[in-house]
Amino acid sequence: AAATADEADTVVSAAVGAGTVGAFSTQASLPVGFPLRYGALASASGHLFVVGGCDGGNGAFSSVVRAPASGGTVGNWTSVQALATPINNHAASGGS
């Protein structure tokens, strides 16, 4: 289903380095049906991860998707191992 006015499946990114931020550009959208509110984003090992969230009905999800990311470009999103418990309104962090 397409995103509603208060939800977004569009991903934008920009290269960041040495105190500068490059121009933003539209990247591959999140997968259809992926939770579009209150998820968390983390970056680790050259990938972005979007974790959990909820849909317009406010039900929490355990979904996790990842995409390769480098130099301000984000590749295609794929599903990975789901969380054991649905979660939303949370934070995530990453590492190298």
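At 14% relative accessibility, Q27 falls under the 20% cut-off, so Q27 counts as buried. Keep in mind that this is a predicted model.

**Q27 and V74**
- You'll find Q27 in the loop that runs between β4 (25-26) and β5.
- Setting aside neighbours within four places in sequence, Q27 is in contact with V11, S13, G72, T73 and V74.
- V74 has its own set of contacts: not counting residues up to four places away in sequence, V74 touches S13, Q27, A28, L48, A67, P68 and A69.

**The nonpolar core**
- V74 also belongs to the largest nonpolar core, a group of 9 residues made up of V11, L30, F34, L48, V50, V65, A67, V74 and W77.
- Two or more residues of this core come from each of β6 (47-51) and β7 (64-70).
- In soluble globular proteins, nonpolar side chains tend to be buried together.

- Strand β5 (residues 40-44) has two faces: A40, A42 and A44 sit on the covered one, while L41 and S43 are on the uncovered one.
- β5 pairs with β6 in the antiparallel sense, over 5 bridges.
- Across from S43 stands L48 in β6, and L48 is one of the core residues too.
- The hairpin formed by β5 and β6 has 2 residues between the strands, and S45 in the turn shows a positive phi of about 50 degrees.

Note on methods. Residues are numbered from 1 along each chain as its sequence is written. This is a predicted model: local features need pLDDT of at least 70, side-chain atom pairs count only at pLDDT 80 or more; totals for chains, interfaces and linings use all residues. Side-chain values use heavy atoms; hydrogens and water are left out. A nonpolar core is a set of buried Ala, Val, Leu, Ile, Met, Phe, Trp, Tyr and Cys residues joined through side-chain atoms within 4.5 Å. Buried means under 20% relative accessible area, exposed over 50%, partly exposed in between (1.4 Å probe, protein chains only). Helices (H or I, at least four residues) and strands (E, at least two) are DSSP runs, numbered from the N terminus. Contact means heavy atoms within 4.5 Å. Two strands pair if DSSP finds at least two bridges between them.
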